[in-house]
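Student: I would like to go through this structure and ask what stands behind the terms used for it.
Tutor: Ask, and each term will be set against its definition.

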Amino acid sequence: MNIYINPTTEELAALLCRPTREASELNTTVSVVLQDIKQRGDAAVREYEEKFDMVRLTNLAVTEAEMLAAEETIGEELKEAIRLAHRNIKRFHEAQRFDGEHIQVADGVECWQKSVAIERVGLYIPGGTAPLFSTVLMLATPAKIAGCRDIVLCTPPSRDGSVNPAILVAARTAGVSRIYKIGGVQAIGAMAYGTESVPKVYKIFGPGNQFVMCAKQQVSLHDVAIDMPAGPSEVEVLADETSNPSFVAADLLSQAEHGPDSQVLLVCKSVETAQAVAAEVERQLSFLPRKEIAEQALLHSKAIVVRDDREMLDITNRYAPEHLIIETANYMELSEKIVNAGSVFLGSLTPESAGDYASGTNHTLPTNGYAVAYSGVNLDSFCRKITFQHIKPEGIRAIGRAVELMAEAEGLEAHRNAMTLRMKGIRCCKEGHKE
C-alpha cells in the first residue's frame, strides 16, 4: 500500500478519486447486446450464453430436479449457515415494516400513506469465481417480506449448464419464485424487456461486473427501475494506535479480493500504524488464493496519515465509502459524526464480512461515492408508498380558497375550477338544508 502523510487539500482530492475506465466502447457493446435481446428474445439470450458463458442451453429455467439435486449436494453445515444468515436478515428487515398513520392535516382533510410491494422484481446474482449466494439472501429475503408477488432470479451457469448449488439452496430458503441460467448483459436485458421464457420485471437488483452495471444503467433510462447506480466494491478503515494491525489488514484484503478494480482505503493518525498495517497486508496477501486479484486492487489503494479525528472524519464524509470500519478506541464517538457511508462496522470485533453474510444488515450498498445520496437496499427498496387523501365538506371550507388562489397564481384555470365547483356545491347543499 502507498502511504501518504498529511496530504494537502489538492493532493487529497486526487487521492480520494475512484479508479476510472473508458466508458464509450463499453456503452456501445452493451447497447448492441441489449437491443438484440429486446428484438429476438430467448434466441438472442441463448446465443450470448454460448458466446460469453461458453454453454449451449436448450432450457433457460432451472428445473425442480436441479433444485432437489442442489439440496443433496450442499453439506448440512453450509445449509445451517445459510439458514442462520437468513433468520438474521429476515429479523432485521422485518423491523423496517411501515405502518402509515392517518393524519388530520386540517378539519375535514385526512391524508395517509400505504406501503405497497413492487409486484415483480428481478435479482441478478454473479457466478464465476465468486458465486454470491449470500446476495440471494440479501435481496430475496426483503423482497419476500415486502410481499413481492414474483421474485425472478438470473445467474450465469457453469460450462456444463449447471448453477452453483449454494445459489439454488439460498434461493429456495429465501423464497425466490423462478430461476434462470442467464448471466451478464443478457440477463439484465431479459429481465428488463421480457422474453418468451423470462418475464419482464419492474425493478432490477444486484451487483455485477462493469458490463452488468452498464446494462443496468442503460435499461433504467427507459424500461425498468434499478436498485442504485454502482461501481466497484470498496472499504475504508479508520485506525489508531489501539487497532490490531492484523485485523485491519484482513479487513482491507477482504474487499481487495473482490476484484482488481476494488478500492481499499486506510485512514489513521500515525505513520507507525500505517506501516504496521501495510506490513501485515503483505504478509496475509501471500496466503490468499485470490492473491493476484487483491494485488491489482492494492495498486490503487492508499493509506492516508492525518493529524487528528477531525481530519479523519472530514476525509470519510468526503469519500462516502460503501463500507466503513471504525477500529479506533473512540469508535462510538466517531460513529456519531458519520453522515456519508453505506454501512458502518464498529469496533475491533466487527469485520465487514459479518455484514456481508450473517449479521442481518444488507450488503447491497451504494459505491463510488453514491452514499452521499443513496441508501443501501432495505425493505423500502421493494415497496412503493402510495398516498391517499379524503376531504369532507369542512375540509373544502378549510383549504378550498387557498387552492383557488394558488391555482390562479400559476395560471391553471382548470385546477382552480375543480375546487370552485365543489365550493359552490357544498354552499348549495348547506343552503338547501337550511330551507
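Student: How do you know that β10 and β11 are paired, and in which sense do they run?
Tutor: This is a predicted model, and the pairing is computed from it. Two strands pair if there are at least two bridges between them. Strand β10 and strand β11 (residues 302-305) have four bridges, in the parallel sense, so they meet that definition. In one of these contacts, cysteine 268 has valine 305 in β11 as its bridge partner.

Student: Which sense does the pairing of β9 with β10 have, and over how many bridges?
Tutor: Strand β9 (residues 234-239) pairs with β10 over six bridges, and the sense is parallel. Glutamate 236 has leucine 265 in β10 as its bridge partner.

Student: What do β9 and β10 make together with helix α10?
Tutor: With helix α10 (residues 245-256), they make a β-α-β unit that is right-handed.

Student: What makes β10 a mostly covered strand?
Tutor: A residue is buried under 20% relative accessible area. In β10 (residues 263-268), six of six residues are buried. Both faces are covered: Gln263, Leu265 and Val267 lie on one side, and Val264, Leu266 and Cys268 on the other.

Student: Why is asparagine 6 called partly exposed?
Tutor: Its relative accessible area is 30%. Asparagine 6 is in the loop between β1 (2-5) and α1 (9-15). Its phi is near 45°, a positive value in a residue other than glycine.

Student: Why does methionine 54 count as partly exposed?
Tutor: Methionine 54 has 46% relative accessibility. Exposed would need over 50% and buried under 20%, so methionine 54 counts as partly exposed. The loop between α3 (42-52) and α4 (64-73) holds methionine 54. Its phi, near 60°, is also positive in a residue other than glycine.

Student: What is the order of the strands in the open sheet of five?
Tutor: The order is β6-β5-β4-β7-β8, with parallel pairing.

Student: Why are β6 and β8 said to stand at the edges?
Tutor: β6 (178-181) and β8 (225-226) each have a single partner strand, so one side of each is without a neighbour in the sheet.

Student: How many bridges join β5 to β6?
Tutor: Strand β5 (residues 150-155) is joined to β6 by four bridges, and the two run parallel. Valine 152 is opposite arginine 178 in β6.

Key: Residues are numbered from 1 along each chain as its sequence is written. This is a predicted model: local features need pLDDT of at least 70, side-chain atom pairs count only at pLDDT 80 or more; totals for chains, interfaces and linings use all residues. Side-chain values use heavy atoms; hydrogens and water are left out. Buried means under 20% relative accessible area, exposed over 50%, partly exposed in between (1.4 Å probe, protein chains only). A crossover is right-handed if, with the strands pointing away from the viewer, the path from the first strand over the helix to the second runs clockwise.
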